[in-house]
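Dear colleague,

Please find the structure below, handed over for your study.

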Amino acid sequence: MEKTKNKSAFLTKTLEIFKKIGRGIKIFFTKMYSNKKSAIGFSIILLYVIVAIVGPLLFPYDSTVNTANKYLAPSLEHPFGTDWMGLDVFRQVISGTSSVLQVAFFTAFLSIALGTVLGILSGYVGGWVDRVIMTIVNIFLSVPSFPVYLMMAALFTIETPITMALMISIFSWAGLCRAIRVQVISLKESDFIQICRVMNMSTGHIIFKEIMPNLFSYIAVNFVLILRGSILASVGIMLVGLASYNPTDWGVIIQAARMRGLMNVNNVIIMLYPLVAILIFQIAALMLSQGLDETINPRLKVL
Amino acid sequence: MEEKTWNEEAKRPSAFKRAGRAVLRFFKKNEYIFSKIGFSLLTLALTTIFLFFLLRQIPGDIVDIYAQQLQYSRGLPYERAYELAVQLLNYNPNENIFAAFFRYVGGLLRGELGESYLQEGVSANLLIEQRLPWTLFISSVALFISFFLGVAIGGYVAQRRNGIANKIASGYIAVTGAIPDYLMALLMVTLFAYQLKIFPSQNNFDIFTVTPGFNIDFILNVLYHAALPILSSAIIQTGYWIMQMRGSCIGILGSDYIFSARARGLSERTIRKKYMNKNALLPLVASFGVAFGGLFGGSVLLESIFNYPGIGLEITARITSKDYVVVQGLVFFSAAMIIIVNLIVDLIYPLIDPRVKRG
Amino acid sequence: MTENIVTIRNVSIDYPLRKYTLRAVTNLSMDIKRGKITALVGESGSGKTTLSSSLIRCISEPGKVAEGEIVFYDTTDEGEKEIRVNELSEKEIRQFRWAKISMVFQAAQSALNPVMTVRQQLYETMTEHGLTLSKEQMEERCKELLGYVQLDSERVLNSYPHELSGGMKQRVMIAFALLLDPQLVILDEPTTALDVITQSYIFQLLKKINEEKHISMLLMTHDISVVARFADYIGVMYGGRLMEYGTVDEVFEKRRHPYTEGLIGATPSIIGDIGQMKPIEGSPPNLLDMPSGCVFHPRCPYCQEACMQEEPQTYQLQGGATCKCHLRRE
């Protein structure tokens, strides 16, 4: 009896929380869908995420080499044909989706976390904290990131999307941090924050209740931009032949096709599938970020 | 100045103090310059530390590998070879971390960026000397072409925002903004070099048919080999510069001084040249400088896709062959160049924009 | 010499936007008297700035004069000439601007090109207007004008705009407006961003220019007290229409239009006692959704049945005054 009561109380509570979250998400979505660009961009990215989750279950990847089947033309059984080892290209691309997206989302979460925390700290506290953080940011902005990625990828073993994401985040937080800092500084000077200070509200309250909500949309845009950037970086690293931990990752497929020789039209076609997949994701992410930007700053729309 | 101070000090005891104050005033007066220089030096120093720690992650005893190589090639006893290796690599695994760091910095200060421990006689300096001209050639030509095209087109469409040209420009910006330059390069090299075979797929010139020097055959051959890399990089970058220039111009066109210039009866040509372009270009000149600084590291993927022997290709090749000390030297060089060029941009900017106060 | 320097007849100004057309000024007629200071008052969005920029055909994009006629009566040594502003060619209008009608801008703080010195911009305006003067003559002219507005010409000429203070910039702009000896100067809220002391100084200067150089002025402001002190004629604008027009004395004394009455009532310095000050109820009209009938009726304390249905005519009253209100039908 006690148990069921507890259970029902627990249930209503969780339901309430879900309702609250649901309402928040609903507002976010209605806002996003009011703009055509962000609606299209978001739908495409959502499709990618669904493919990454559901795809491998429907079309599991089979890595048994069967050279008798090499370079088969597209057919019902092999929608994208097969490669030089007789492997199904369609299943490779599907299986690679989750690998690529994992890197992208991990990087985005890590960079956003680091960039936002340090950006707010730098902008809000100011003084020597600001100077120290900005100096560090400057280093990461002036050291060419890509060669360092390559050096690190060669020196450390990168075998999972998480290590890859960790590595890419080392550089990708810096730009965001600087941008957040500028936002926080301008917010700090704004009237309503000044009023909060005069009213002697706690710093925590000001940061979490007053500043953070104003940064949210800004962070959302940057999240999408970092998604783009991290896919570029991870595929780029794989194109050099490093960090090929997953043979179905798009970068690895492209690199393998390149190594097989682009004189052969079959290899070119194999390379094009993941390449087009990347391009579509890039365009979708660009549309989403621009659309979000427009809904957030309506005056941009005039341009 | 130093001497004068000393002379005065001999005459009057307070002269030293006054000279100190004068020096202080000199620093205060040029605060902008000194703070910029100081900040750049600090960034450079921290970059060095960062690379030093990365270097220490190299697996295996690189000094030992190099010493063995020297032992064979020069016929030295192992101890002598080891000493020589330490000296050449600026690195001694037996030292503590601070001594190692100072040895490393000492090498950089002497201008020795990094010796290869795999190939005797090869160093980062040598590679920079050989490869930098090629890297700068393709990347700066691409940058200049795209910058001037972008500025011209961006300025044009900003004034005709309802025209068809602006729609086309917007589409171009969107497409080129979504395609990364190296995928563009990959598509170009596949189509024009591997499939259609109209353009070469590797090298900076054909060593068998032309002789380097100032002759027309050589120049044409170099341009023929550089065409695809320049084109693919310029196509992507142009979109970026159009976007920057258009945005900058639209901001300027809405400003009060454009309205007042029109009210003063100035011709549209004057307004465009002296009012819009001059003001809109200022921030772009700064970004151009920053972009130029980035050229010194070479475009790693672009060069490796076209097999174009620049610094970028060298970095990928040396990473694959695990020649990390050289890679580190090349990375340090490009980081240093970015920092230096940024500093130069910061120092020059007040001269072109009267609003930024200098000193 | 004609009494009027500019006559505005039945002018409507439209801003065609993507989905609808916004009419900023509706069927407006008004005279600007030669040698006098005519004030134009009204809340922001009442169409003052649009109307004044139409005098030099410099309405901000995409606005244009849809109907009506603006005539400028040019008096030179050779005699008088009517200039129809809307019929001038591109080239003619460029020569007309600043040489005949110049302007002191609301945003004087940013009306100068930030990357050129004051000298360069003054010289540029002279050469662009085809003045064939030598360097020395131009220098002479600039120094004379800057001296007139009591600025240190040596320093100011070689300065960039950002090196000058707000009051100095405004005086530079006034000197600038006099550069080509115009017959009419439009003053678009010339003291908005300045402190009170500088404000009154600037107005004294403008009054002096008006009296000594006999330059006509069109002053746009929403500060009624300034109008009372400096202007000769006043036009009251509301929702893109001219509600009342006449000499300052008459308009302020008779207060024929309810809106004028409200404006004066809302100004503390005239009444003298802050307790008597009362703001006009309601808010300015939305230009996209104008009220029917008289545009002022939703805020008018004397609103009648007719006001809601029918737009009042402009009634001619004695002494050249006009009033656009049903109450003045008799």
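A contact means that heavy atoms lie within 4.5 Å. On that basis, among the contacts in chain B with a separation of 6 or more, 68% are accounted for by residues 24 or more positions apart. In chain C, 64% of the contacts between residues at least 6 apart in sequence join residues at least 24 apart.

Before going further, please note that this is a predicted model, in which local features need pLDDT of at least 70 and side-chain atom pairs count only at pLDDT 80 or more, while totals for chains, interfaces and linings use all residues. Residues are numbered from 1 along each chain as its sequence is written, chains are lettered from A and ligands numbered from 1 in the order in which they are written, and side-chain values use heavy atoms, with hydrogens and water left out.

The predictor gives the complex an ipTM of 0.83 and a pTM of 0.81. Chain C has a mean pLDDT (the predictor's confidence in each residue, from 0 to 100) of 84, and 96% of its residues reach 70 or more.

Chain B holds 15 helices and zero strands. Here helices (H or I, at least four residues) and strands (E, at least two) are DSSP runs, numbered from the N terminus. The radius of gyration, taken over C-alpha atoms, is set against a globule rule of 2.2 Å times the number of residues to the power 0.38. For chain B the value is 26 Å, whereas a compact globule of 359 residues would have one near 21 Å. The C-alpha atoms of chain B fill a box of roughly 85 × 80 × 40 Å along the principal axes.

Chain C has twelve helices and twelve strands. Its radius of gyration is 20 Å, close to the 20 Å that the globule rule gives for 330 residues, so chain C is as compact as a globular protein of that length. The C-alpha trace of chain C spans about 65 × 45 × 45 Å along its principal axes.

Buried residues (under 20% relative accessible area, with a 1.4 Å probe and protein chains only) make up 48% of the 359 residues in chain B. In chain C, 55% of the 330 residues count as buried.

Finally, there are the charges, with Lys and Arg counted as positive, Asp and Glu as negative, and His and the chain ends not counted. Each charge is placed at NZ of Lys, CZ of Arg, CG of Asp or CD of Glu. The mean positions of the 33 positive and 24 negative charges of chain B are 18 Å apart. For the 36 positive and 44 negative charges of chain C, the mean positions are 2 Å apart.

Yours sincerely

Definitions and conventions: Buried means under 20% relative accessible area, exposed over 50%, partly exposed in between (1.4 Å probe, protein chains only).
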